[in-house]
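Thanks, everyone. I will go through the charged pairs and then the aromatic pairs, and I will keep it short.

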Amino acid sequence: MIVVTGATGNVGRALVTHLIAEQAPVRGLTRSPERAGLPAAAQVARFDLSGDQPEPADLVPLFDGATGLFLHLSAGGTHTEALLEAARAGGVQHVTVLSSGIVQDGADTSHPLYIAHAQLEASVAASGLAHTFLRPNAFATNSLQWAPQIRVGDTVRGPFPGAVTAPIHEADIAAVAARTFLDDGHQGAVHRLTGPEAVTTEEQIDIIGATLGRTLRFIDVPAEEVGPDLFPHVPPQMLPALLASFAESVGVAPEITTTVEAVTGKPARTFAQWAQDHKSDFRP
């Protein structure tokens with residue numbers, strides 16, 4: 001049994017679906033099981049840590065019969081150590097962590113994303129459980145931030161049209177995560193994950209437009225004029241650091257790894273494939 005936190009998120013949902021296809025028992029944790037919409041073969045359990053600090057003993061039933069845990073940053077929050085203690089008590093032996101590519105040698109250790117993910121990794125390492133760290137760089141799903149603009153017109157406002165990334169499809173992250181539970185040899189591993197090709201912000205907009213059969217125009221917004229409305233998925237306190245990261249990536253070749261293919265046996269999906277898979281998200 002694999003327990004998946006963040007089971008209704010982009011990666012978590014893809015992982016649940018992937019594991020079900022592999023006929024692996026899955027229990028998805030979510031705040032609202034009645035609205036989860038997960039595959040019928042998956043178990044679904046209520047998991048809401050928005051209240052008081054839980055006792056680990058209260059969380060142990062979530063892990064009944066489980067041997068693996070997929071842990072997302074926002075799932076545990078300040079309750080991560082209690083969650084890991086409960087997982088260990090419930091029989092979990094291996095934790096796969098959805099971390100971030102920002103965690104690496106030479107990184108800016110003051111960056112809020114680095115701090116959050118490094119702390120998560122440290123908590124898991126200290127838990128005594130076997131573990132695998134997944135460190136993806138840019139997510140292709142970040143492009144959904146433009147969906148509200150694209151649904152209502154052919155112009156997209158945003159900063160740094162020349163920022164270069166190698167965005168990864170959430171299904172590829174999920175596929176790698178699944179193999180860490182289903183195959184041997186991943187305990188103690190750190191997998192850096194990227195998409196297969198470098199694309200600029202403006203090229204991503206062009207690809208989405210081509211997928212929709214439309215010509216989209218990108219309007220460059222100076223960084224000092226960017227507000228939370230253009231990045232609704234980003235906590236406002238993290239926006240300045242994110243914009244600084246974008247500025248540093250303009251015209252710079254991104255890291256591109258072959259980890260997805262090495263682990264899954266299939267090449268990583270292109271951004272064009274991601275856009276095709278999410279075509280409906282950009283339509284009115």
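Arg-46 and Glu-34 are both exposed. They form a salt bridge, and their closest N and O atoms are 3.2 Å apart. Arg-46 belongs to strand β3, residues 43-46, while Glu-34 is in the loop between β2 and β3, so this contact ties together parts that are 12 residues apart in sequence. Please keep in mind that this is a predicted model.

In total, the structure has 8 salt bridges. Next, take Asp-172 and Arg-269, whose side chains meet in a salt bridge at 2.4 Å, N to O. Asp-172 sits in helix α7, residues 170-182, and Arg-269 in the loop between α10 and α11, so parts that are 97 residues apart in sequence are tied together. Are these two buried or exposed? Asp-172 counts as buried because its relative accessibility is 3%, and the cut-off for buried is under 20%. Arg-269 has 29% relative accessibility and therefore counts as partly exposed.

The next pair is Glu-255 with Arg-192, a salt bridge of 2.9 Å, N to O. It links distant parts of the chain, 63 residues apart: Glu-255 is in the loop between α9 and α10, and Arg-192 is in strand β9, residues 190-193. With 32% relative accessibility, Glu-255 is partly exposed. Arg-192 is buried, its relative accessible area being 16%.

There is also a network of salt bridges, which links Glu-22, Arg-179 and Asp-183.

Now the rings. To describe a pair of aromatic rings, one gives the distance of the centres and the angle of the planes. How many aromatic pairs are there? The count is 3. Phe-231 and Phe-246 make a tilted pair, with 5.9 Å centre to centre and 35° between the planes. Phe-231 lies in the loop between β11 and α9, and Phe-246 in helix α9 itself, so the pair connects parts that are 15 residues apart in sequence. At a relative accessible area of 3%, Phe-231 is buried. Phe-246, at 22% relative accessibility, counts as partly exposed.

For Trp-274 and Phe-282, the ring centres are 6.0 Å apart and the planes are at 75°, so this pair is edge-to-face. The angle cut-off for that class is over 60 degrees. Trp-274 and Phe-282 are both buried. These two rings also belong to a cluster, in which ring pairs link Phe-271, Trp-274 and Phe-282.

How values were computed: Residues are numbered from 1 along each chain as its sequence is written. This is a predicted model: local features need pLDDT of at least 70, side-chain atom pairs count only at pLDDT 80 or more; totals for chains, interfaces and linings use all residues. Side-chain values use heavy atoms; hydrogens and water are left out. A salt bridge is a side-chain nitrogen of Lys or Arg within 4 Å of a carboxyl oxygen of Asp or Glu. Helices (H or I, at least four residues) and strands (E, at least two) are DSSP runs, numbered from the N terminus. Buried means under 20% relative accessible area, exposed over 50%, partly exposed in between (1.4 Å probe, protein chains only). Rings of Phe, Tyr and Trp (its six-membered ring) pair if their centres lie within 6.5 Å; planes under 30 degrees apart count as stacked, over 60 as edge-to-face and the rest as tilted.
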